[in-house]
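Hello,

Here is the structure I promised to hand over. My notes on what turned up in it follow below; please have a look at both together.

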Amino acid sequence: VSRIARIGATVARLALFAAAFALSARYLRPWLGGQASNLTETKIAWFVEHGEQYDTLFFGSSRAYRGFVPELFDRVTGAAGIATRSFNFGSPASRGFDAYRALERLEQQGALRELKWVLVDPEPLEWLLRAKDKESMLALGPIDWHDPATTWLVLRYIWSLEQASLSEKLAASVEHLHSCCYFAAGIGGTQALVGALLGKDLVDRTELTDRLGPRLDGWLPLDDANVSRDEQREKFQGAERQRTYERELAVRRSEVLDEGPAAPEATVFFRRLAGKIEALGATPIFVTQPSLNLQSDLVKAHRDGVVEHLLRYDDPDDPRCAPLFDVEHRWDRFHLAEKGARLFTELLAGDFAVLAGRLERQP
Amino acid sequence: VIFTEFRFLFFFLIVFLVHWSLRGLLPRKLWLFAAGLVFYGAWDWRFLGLLLFSITLDWFVALRIHAAPTRSQKRRWLTSSIVVQLGLLSVFKYLGFFVESAAELLRYLGFEAHPPALAIVLPVGISFYTFHTMSYTIDVYRGKLEPSRSFLDIAMFVTFFPALVAGPIIRAAHFLPYLRENRSFARDVNVRACLALFLVGFVKKACISDNVVQIVDPYFANPAGYDALAAWAAVLMYAVQIYCDFSGYSDMALACAGLLGYRLKLNFDYPYLSADIREFWRRWHISLSSWLKDYLYIPLGGSRGSIWFTYRNLMLTMLLGGLWHGAGWNFVIWGGLHGAALVAQREWERHGLGRAIPGAVGTLLGTLLTFWWVCFAWIFFRSQDLETALAVARSWVLFDSSGPRTFGWAPIWTFLGLAAVHAVSYLRLVQLAVDRLPAWAFALLYGALIPPALAFMNGAVQPFIYFQF
């Protein structure tokens, strides 16, 4: 009897513990803020203050951050009769999920009143599996979008990938679940308070131009003096690196899109992201930037009518895009150098103006 | 795997449940040994062989020491073990430093010296487990301890995962007796004390140490860019960071060991409230300072000789203690500063000055002066090079820096708030109140406190500072 009583008492204490935990978490959550990477936080904070100036946003990873030149974009679209004022929301390792979350936060803070166009490169979804990214899954940015519904979507996507091994899928799943636990626990939610206690503003005014670029429109070219030594090493420094790149480029050229449909989870996500943008009163335009990774799910989703507007620059055999893959325009296999960024932005702006003009003429 | 990560909690939960569901001493020891290997292997499985070699060597040597008929033979066995263990430590931890320092010296003397760059990976926790095993063989040699015939006992003692990679440094004489009788959950585990200690350690590490790094790291990366107030804020916060980091780890290690039925000794006892530097070393990293005293300072002769002989021993102990922390001159300087302070204190006392200002005021002044000096020494411990250290030290001592950036007064007020909480917790009033709570109230309180603690976590989990040692 005493053993049963002891077990009963232990179970009761565990139940009390769980109830107190759940209630505490429940009532704490509304007080917690969102928390992305430092750069995204800076951009969000800047945009909350100055968002009324901008009507066009470009979301993406470091490729967007380094490759999209807002001032040039606006000049080209203006010359084509479509006046825009654009802001580069790119941030290293950021993806479509981060874009969705940033839009949610900007909406909550009422910073998107003038929004008309959202260009977004969601990045290859297969990267959710990559070992390199697994390390960053516990960084604040990814935690912020690992709500249970999105995590479930990601897990289903990972397990649908035929080319991934069982161990890769398991390892990636553990990381995403770990991140989801962090999300559920509200980790990072007090960072604004912590920043205030430490006298460290989330938006460091002294570093603003280092982060948002000289014109404070979010673009920082890779060829400027602010680039770290590590990044310098990433540049195409020698013939060997160029040869490696050229080999990878040849592989990319040999890749062919199969006939199958996009992964259902990818379709769900693209619809969700497009729906969010439309609900904000803006038009979603997906973009594939010039890199060696074929975004097969996005391209298929466009082919199958799931994604309505897609501007592609990822085909090295397309004569218009081919120069973007020349070594002289590139920083590395992923990123464009400043010269390449300007070329890409000009192309994009021209295509955007045509598309926007057509959409504006539609009833 | 870091104690504050969720995956460690899952790992520990499995270890805990299986440990207490096993019957008998042998299966439990085998299980904890296996858990230790998995825990260590998760860092880098390649170094498991090195760990097992160290264990096997000292298990065998201890038996040979015991069996050796003469003192000289015993000494030969002990020497061989120490040479191998310290040799391994030297190769993995210090070889690159020694080679580079020798090359620097040659260059200084005008010779050409271009040593090859040595990319030797430091096995995590090697400084800690080397000291674990050495304490065992030395105690056997001194006749303080019977050697264990069971390889498993020695293996479990060294690979006991709560203390494996960052201490506290366990003594065989303390730990091995635990392995002779089966642990009883009802008798040997104080669940409430362990859970409370784990949460305290978690808050120190994850909520305080990992957050204050946000001003410490940028400042030490570019001290010339900040004003003197920022220098004070960063140095004070580094004192907070390293204390919360290491004592938080120790708290969690003690709590985990306690939940498995093993009681480890206290490693930190409010060291920043020490009124003098000797007291500081009795309360900071107690397992290391007592190890250095028993196995280095006393064998060197301790204070059994002239005053200069004692000072030499103090300085040597602290310099080597500094070098133990890392292969760099900054750590040696840090040890030297503490050694100098210990010598100064002895001189002060030798001349009969004692406490020049008696009573509470004297204690308060002593505490503030000790803390100031400890912070000054931390500057050298934290800085990546001597140039940085001197720049920070100038700001710390002369309040002199004209950089444009500042953190304002906010971190100073935060530091004072943390200091007040620390001082109040020293009175152990909260601990007494928690101890008196009925079990159901403790369960409620514990459940309610975890979400706020988690919310204060910084998502970018920082490795424990002492892992690198």
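**What I found**

B:Arg71 lies over the face of B:Tyr141, 4.2 Å from the ring centre. A charge counts as sitting over a ring if NZ of Lys or CZ of Arg is within 6 Å of the ring centre and within 35 degrees of the ring normal. In chain A, the charged end of A:Arg26 is placed over the ring of A:Tyr27, at 5.4 Å from its centre.

Before you go further, some conventions: this is a predicted model, where local features need pLDDT of at least 70 and side-chain atom pairs count only at pLDDT 80 or more, while totals for chains, interfaces and linings use all residues. Residues are numbered from 1 along each chain as its sequence is written, chains are lettered from A and ligands numbered from 1 in the order in which they are written, and side-chain values use heavy atoms, with hydrogens and water left out.

**Aromatic pairs**

Over all chains, the structure holds 79 aromatic pairs (rings of Phe, Tyr and Trp, the last by its six-membered ring, with centres within 6.5 Å; planes under 30 degrees apart are stacked, over 60 edge-to-face and the rest tilted). A:Phe47 and A:Tyr54 are a stacked pair, because their ring centres are 5.5 Å apart and their planes are at 25 degrees. Both A:Phe47 and A:Tyr54 are buried (buried means under 20% relative accessible area, exposed over 50%, partly exposed in between, with a 1.4 Å probe and protein chains only).

In chain B, B:Trp20 and B:Phe185 form an edge-to-face pair, with 5.2 Å from centre to centre and 75 degrees between the planes. This pair links distant parts of the chain: B:Trp20 belongs to helix 1 (residues 6-21) and B:Phe185 to helix 9 (residues 185-188) of chain B, 165 residues apart. (Helices, H or I with at least four residues, and strands, E with at least two, are DSSP runs numbered from the N terminus.) B:Trp20 is buried at a relative accessible area of 14%, whereas B:Phe185 is partly exposed at 35%.

**Helix packing**

How do helix 1 and helix 2 of chain B pack? Their axes are 9 Å apart, at an angle of about 165 degrees, which makes helix 1 of chain B roughly antiparallel to helix 2 of chain B. Axes here are lines fitted to C-alpha atoms, for helices over the stretch in contact, and angles run from 0 to 180 degrees between N-to-C directions. Angles under 35 degrees count as roughly parallel, over 145 as roughly antiparallel, 65 to 115 as roughly perpendicular and the rest as oblique. The residues of helix 1 of chain B that meet helix 2 of chain B include B:Phe8, B:Phe11 and B:Trp20, and among their partners in helix 2 are B:Trp31 and B:Phe39 (contact means heavy atoms within 4.5 Å).

Chain A has 16 helices and five strands. Of its 363 residues, 53% are buried. Helix 5 (residues 96-108) and helix 14 (residues 264-279) of chain A pack at about 25 degrees, with axes 10 Å apart, and are therefore roughly parallel to each other. Among the residues making this contact are A:Phe97 and A:Tyr100 of helix 5 of chain A, and A:Phe269 and A:Leu273 of helix 14 of chain A.

Helix 13 (residues 286-297) of chain B has several buried residues, including B:Trp291, B:Tyr295 and B:Tyr297. The buried residues of this helix pack against helices 5, 12, 14 and 15 of chain B.

Two residues other than glycine have a positive phi. B:His285 has phi near 40 degrees, lies in the loop between helix 12 and helix 13 of chain B and is buried at 1% relative accessibility. B:Arg428, with phi of about 60 degrees, is found in the loop between helix 18 and helix 19 of chain B and is partly exposed at 34%.

B:Thr388 lies in helix 17 (residues 386-398) of chain B and is buried, with a relative accessible area of 10%. Not counting residues up to four places away in sequence, B:Thr388 touches B:Phe220, B:Pro223 and B:Ser383.

Best wishes
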